[in-house]
Amino acid sequence: MTDIVAGAPTRPRRMGFLFALLAIGAAGCTLPAVVQSPLFLTLMTQAAINAVLATGVGFLVRQNGTVSFGHAAFFGLSAYATALLIKFGLPAEAAIILAVALPTLFALALGVVIVRITGVAFSMLTLAVAQAFHELVLKWRELANGDDGMAIAFPARVFGIDMATFQQPASMFLVCWVALIAVILGLWLLCRSRFGTLTLAIRENEERARYIGYRTVLPRAIIYAVSAAIAALAGLLFALYNGFVSPGTLHWSLSGEALIMAIIGGPRLVWGPALGGVIFFFIKNAAGDFTDHWPAVIGITLILVTVLLPRGVGGVLVWLGARLGGRRPS
Amino acid sequence: MTGSAWAIEGTALTRRFGGFAALDNVSIAVPQGEIRGLIGPNGAGKSTLMDVLSGRAQSWSGQVTMDGRDISALGAVERRRAGLARSFQRTNIFPDLTIDEQIRLAAATAERDNSDEVMAELGLADLAHRRAADVSYGDQRRLDLALALVGRPRVLLLDEPAAGLSMQESMVLARILRDLAGRWGVTVLLVEHDMEVIFSICSRVTVLHLGKILADGTPDEIRRIPEVITAYLGSTVE
């Protein structure tokens with residue numbers, strides 16, 4: 001036995017990432033104190049919610065190697081669950097918890113069935129499921145008010161916190177920012193666990209994973225459920241901030257946008273899609289000030305990133321960091 | 001465990017692809033601790049037999065037992081957990097994981113974790129923290145073997161472990177295999193086209209031809225069977 005092997009970590013320790021994440025997290029928390037513009041803080045809050053959604057979509061790509069065109073389902077289901085459960089008389093606190101738990105459990109059950117299918121067929125199934133929910137809330141007016149959407153009747157206080165905290169840009173930005181940092185930290189820890197290694201192994205070579213003694217469907221379904229839980233959290237933040245939900249939150253175009261964010265940021269990195277979410281949002285708003293055809297600008301950005309930066313903007317930052325740190329870029 | 005003399009036994013194994021019988025009523029039994037060679041020309045049914053024994057094949061008939069226990073209904077995962085491991089004709093590893101990560105992952109499903117021992121025996125310890133995709137083909141083949149050996153399986157099915165290796169690398173692999181099998185008491189069924197490897201480490205050899213067993217015997221006996229020479233060995237092996 002060599003010293004290299006004995007008691008050595010399975011991967012070089014990347015405590016630098018942890019410190020950087022916490023530093024960026026702390027720096028972000030000072031933003032509302034530094035920036036006074038409500039418009040900018042509103043944009044940042046929306047960008048942070050987008051970033052959470054993109055992180056969920058990107059994590060599925062990273063860990064399962066599959067592409068979902070239907071994560072809007074979990075985003076929208078969470079927002080609608082919040083609205084409907086409060087409408088039906090549940091305490092807001094219970095509604096908020098169930099708004100994340102129910103889509104997650106649904107995703108786990110769905111995942112056990114659909115993760116057995118790979119490639120385009122998987123993506124199409126996720127799209128079909130999301131569009132089914134979109135049609136449901138659109139057509140069932142008695143339940144969800146159709147395309148008029150629903151106002152969410154939050155009480156004055158939730159979990160003992162004044163509801164205004166969630167609906168003012170400065171304070172809500174902090175909530176969303178902390179949620180985003182917590183999600184990235186949680187996923188980073190999960191990726192470094194044995195379960196994280198197992199799911200990567202399954203992504204790499206599912207047959208071999210079975211021949212070293214692992215069942216492969218449940219781990220893949222759990223990853224799908226985790227990514228859905230993150231999308232549901234984003235939907236909850238959206239519902240808290242806006243106090244309103246409409247069928248657009250379930251539409252495939254939102255899933256597509258989240259996927260584009262993940263690709264721009266770099267789905268191989270846990271934090272890449274979040275970066276992509278912020279970039280996407282600011283391109284969208286900057287281009288939107290000049291032209292109604294802002295999706296074309298997003299499209300050109302996507303093409304440029306795909307062709308020139310296949311590992312996304314995050315991949316470039318990692319490469320630059322390695323170069324500046326004197327390490328050999330991977 | 002029933003105390004059967006056979007570590008692994010396949011009885012009346014048949015697997016058809018349409019009208020073609022890749023395996024036609026084949027029976028094979030390997031006693032505990034033996035290294036059995038399985039040879040034959042391409043299309044003889046060797047890999048199909050490995051697939052049936054390891055639980056990879058989907059539709060087949062017959063019975064597979066390990067130490068007398070019927071494992072015919074078990075899938076690949078259950079057979080691995082029962083102590084049956086295999087390697088594949090093509091290198092079958094996890095390219096994006098480090099060697100250390102994947103060997104420890106494989107060890108986690110076994111009763112005993114002998115990751116360090118396996119890495120040291122197969123000369124992988126110094127490469128432990130390198131991605132599998134970044135090491136040489138020979139190292140990848142040894143990693144493939146390590147993934148099968150980790151956890152000390154009772155039965156090991158190896159499908160051309162020396163494929164693509166140089167003669168020197170093949171003989172080193174053969175020596176490692178013979179040493180480990182001897183020390184650990186592992187039963188090995190070895191498919192290999194390299195006759196040097198087969199005849200140097202196998203105590204018995206089974207010859208498959210067109211889905212049937214053509215011959216079975218010690219290496220010396222096999223070398224002298226005219227039908228085997230005609231069907232497979234040719235005149236070059238003396």
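**View 1. Chain B as a whole, with 46% of its 238 residues buried.** A residue is called buried if 20 or more other C-beta atoms, placed from the backbone, lie within 10 Å of its own. This is a predicted model, in which local features need pLDDT of at least 70 and side-chain atom pairs count only at pLDDT 80 or more, while totals for chains, interfaces and linings use all residues. Residues are numbered from 1 along each chain as its sequence is written, and chains are lettered from A and ligands numbered from 1 in the order in which they are written. Chain B has 9 helices and 10 strands; helices (H or I, at least four residues) and strands (E, at least two) are DSSP runs, numbered from the N terminus. The radius of gyration of chain B is 17 Å, close to the 18 Å that the globule rule gives for 238 residues, so chain B is as compact as a globular protein of that length. The radius is taken over C-alpha atoms, and the rule is 2.2 Å times the number of residues to the power 0.38. Along its principal axes, the C-alpha trace of chain B spans about 50 × 40 × 35 Å.

**View 2. The open six-stranded sheet of chain B, with mixed pairing.** The order of the 6 strands is β6-β7-β8-β3-β9-β10, where strands pair if DSSP finds at least two bridges between them. At the edges, pairing on one side only, are β6 (84-86) and β10 (212-217) of chain B. Neighbouring strands are turned by 20 degrees against each other on average, direction ignored.

**View 3. Strand β9 (residues 204-209) of chain B and its partners β3(B) and β10(B).** β3(B) and β9(B) run parallel and are joined by 4 bridges; here Arg36(B) stands opposite Arg204(B). β9(B) and β10(B) run antiparallel, with 5 bridges. Across this pair, Val205(B) has Gly217(B) as its bridge partner, and Leu208(B) stands opposite Ile213(B). The hairpin of β9(B) and β10(B) has 2 residues between the strands, and Leu210(B) takes a positive phi near 55 degrees.

**View 4. Helix α1 (residues 46-54) of chain B across the strands.** The helix lies across β3 (35-39), β6, β7 (155-159), β8 (187-191) and β9 of chain B, and runs at about 150 degrees to β7(B). Angles run from 0 to 180 degrees between N-to-C directions, and axes are lines fitted to C-alpha atoms, for helices over the stretch in contact. Of the 9 residues of α1(B), 8 are buried, so the helix is largely enclosed by the rest of the structure. The buried residues include Lys46(B), Asp51(B) and Leu53(B). Just after α1(B), Gly55(B) takes a positive phi of about 90 degrees.

**View 5. Helices α3 (residues 38-64) and α12 (residues 217-242) of chain A.** Their axes come within 9 Å and cross at roughly 175 degrees. That makes α3(A) roughly antiparallel to α12(A), a term for angles over 145 degrees. The contact of α3(A) with α12(A) has 17 nonpolar, 6 polar and 1 charged residues. Ala, Val, Leu, Ile, Met, Phe, Trp, Tyr, Cys and Pro count as nonpolar, Asp, Glu, Lys and Arg as charged, and the others, Gly among them, as polar.

**View 6. The side of chain A that touches chain B.** Here 21 residues of chain A are in contact with 28 residues of chain B, contact meaning that the C-beta atoms, placed from the backbone, lie within 7 Å. The elements of chain A giving two or more residues to this side are α10 (194-204) and α11 (206-211). The largest share, 6 residues, comes from α10(A). By class, this side of chain A has 10 nonpolar, 5 polar and 6 charged residues.

Key:
Parallel < 35°, antiparallel > 145°, perpendicular 65-115°, else oblique. Contact = placed C-beta atoms within 7 Å. Buried ≥ 20, exposed ≤ 12 C-beta atoms within 10 Å, placed from the backbone.
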